[in-house]
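Please go through this structure in question-and-answer form, with the cut-offs spelled out.

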Amino acid sequence: MTMVSACPACDALPAAEAVADLELATDAQIALSVPGVHCGACIATVERALEAQEGVQSARVNLTLKRATVEADAELDASQLIGALEAIGYEAHELDAGTLSATASDKAGRDLLMRVGLAGFATMNVMLLSVSVWSGADSATRDLFHWISAAIALPAIAFTGKPFFVSAWSALKARRLNMDVPIVLAIALALVTSLWETMLSGHHAYFDAALTLVFFLLAGRYLDHRTRAVARSAAEELAALEVPRATRLRAGSEEVVALADLAIGDLILVRPGGRMPVDGEIVEGRSELDRSLLTGETAPVFVEEGFVVSAGEVNLTGPLVIRANAVGRDTSLHRMADLVAIAESGRSRYTSLADSAAKLYAPGVHILSALAFVGWYLYTFDMRTALNIAAAVLIITCPCALGLAVPAVTTAASGRLFKMGLLVKHATALERLAEVDTVVFDKTGTLTKGTPVVQNWDELNAEAASVALALAAGSAHPLSQAIVAIGDGLETADVSEIEEIPGFGVQGVWNGKSVRLGRAEWVDAIPVEGSAVYLNLGLAKPVAIRFEDDLRAGAKEAVSILQSQGIEVHILSGDSEGAVQTVAADIGCSNWKSDMLPEDKAEYISDIAAQNRKVMMVGDGLNDTVALAAAHVSMSPASALDAARVASDIVILGSDLSCIAEALEISRRARRRIRENFRIATLYNVIAVPLAIAGLATPLIAALAMSTSSITVSLNALRLR
Amino acid sequence: MTVLGLLIPVSLILGGLGLWGFLYTLRSEQYDDPDGDAQRILSGEYDDRPKD
């Protein structure tokens, strides 16, 4: 600071303002997904590389989420950081910070964990006192211990039991019973009778039982939450990969804006390779569009001025200027999402094993406990004894083990599936998966890679091949890239003046002749069936280079394993008959249908479902979303469009499909374990309940029965790992 | 019996200290990246001054 003044505070003021401004400007966070990090050395390398970049203040890698968070200057571009990481051999993608913020801090999980910790603390202390009572503490000492137990247990349960109180209350308000109603009733009754007994200086107090109950149930709740939190954060990360931005043209200049800021009538520039952000009409430019996400049709479509485009389509060759007709919620993409929401609501009607167990269980224990109360009251005419025994019945039957039976198993099973590259998003997806007897596959992008591969390369002579390679190198069109890929390492002809004509193809000059690679009508060729480009060498008859979609790794294995398990496999596709037939023959599936519209697919699935079959749909496109939501359970690959991933219960992270069959097997085993767990819990009740009704259950027996059954159930679940 | 007057508060205080420690680690987000933390222990890089 060069300015000198008499008042030091005045000097400091603008400086402080500048600092404040600076802090506002620098408070930018960039989140990057770095799937390649897997060890301590990776963490150090990635962090060092990021921090070496100019404008980066700090970088922190989260290995669990495989994500890097960078604090950087506002003007720093994420692509610079991605480039730096790619230079040292780590693949990186920018994540949309807005979408991520929801999962950045797992508040609900931390809240549950805190309650688990508190309940654990209280349980241990009360148990310490209870053990003294069980081992013979008497009269005044016993009363003192009971009072201290009460002082710890009452506030601890009031605080930590909140999730159960809330859930039980909302169930009662809706006039139905869930698992939490008997839990809350048992806890309340246990506390009230224990407090009463303590006041009357009685022998039995159940403070420790009530606390153990809350502790084990919270542990189950937390496991349940954890299972889905991992899947949810990964799924949201996938969603955040699509940073929603668009280039708007205004008064001749380009500006990059968020999708939410676009309005109807805006002119939007979509460069080759870009996705249409809105529905609109082309006002300038010619190009080809990849509409496969909407229609399932792989062949690119030629478009020019006046053509109507939909959000989600990919522009392939030339820059297009479109005028927005529908933005945000009104686009065809979102209308599809609304259809999905309607189909989804049908699925929530599924009753999980836990719910159906609760339906049987809740009235059962209440009736049993009430009968015990009435029986003992009539036998002894002593309110205190009768109430004590009723409370003992409720506490002993209380579903400690039942509360753990499902979450312990689903946590173990989801963990295994996660290691295989499958993310389970929905709470009851595993149970539904176990019931599947029919699997319906989409073709494009699911069974196949969704990228074309040259089929007749050998039919081209050396000259034609080298010219085709040279021309194809001048374009980013997927078909050109397929040619470049198959001709990798071969000789390239010396073609000059290579120029891409958007929407038509590539042309150049070779040996003084004009050569062209592109659409049939543009190179004067006779179109052949299927997906193809045509090469005109100037004089000779134009030749067709044909393309087909290759099968995804493991697709064939998955289908044959599924069929050997007695599961029916169907293929549905929006593609033409020939393309679907080839794939179906390749993987050995006889049930297939081509030229299906989105509604047709959903209808087809409802038809199968109407024959009382449980259908699993595997698909990736927008045209599959309605079918995905209509199916009993659904899967989509990670490469699928956002809407499809949202509509599906399980996301396949890897590219290999063979894990599908194994996932079905694991889900069936998980269901078996859940049922076993219910049987174990019941077995304990069969032994303990008669004791409780006979009035022989002491707090010690209650504690033993509850803990051993919970631990057995958890150990049984671990057998899935 | 008088020893109880000493032992009970002591056990409660010790337990409470453990609980406070647990809540502190929870609040300071120390359970957010268990895999990463397991690896960072082995790295010699942050020994002088822990990263914040």
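**Cysteines and the chain contact**

Cys589(A) counts as buried, at 5% relative accessibility (buried is under 20% relative accessible area, exposed over 50%, partly exposed in between, with a 1.4 Å probe and protein chains only). This is a predicted model, in which local features need pLDDT of at least 70, side-chain atom pairs count only at pLDDT 80 or more, and totals for chains, interfaces and linings use all residues. Residues are numbered from 1 along each chain as its sequence is written, chains are lettered from A in the order in which they are written, and side-chain values use heavy atoms, without hydrogens and water.

Me: Why is Cys42(A) too far for a bond with the closest cysteine sulfur?
Reply: A disulfide is a pair of cysteine sulfur atoms within 2.5 Å. The closest cysteine sulfur to that of Cys42(A) is in Cys39(A), and a bond is ruled out because the distance is 3.1 Å.

Me: How many disulfides does the rule count over all chains?
Reply: Cys589(A) is in no disulfide, its nearest cysteine sulfur, that of Cys659(A), being 18 Å away. Over all chains the count is zero.

Me: Which residue of chain B forms a salt bridge with Arg60(A)?
Reply: A salt bridge puts a side-chain nitrogen of Lys or Arg within 4 Å of a carboxyl oxygen of Asp or Glu. The rule finds two across the interface of chain B and chain A. In one of them, the closest N and O atoms are 4.0 Å apart, and the partner of Arg60(A) is Asp37(B).
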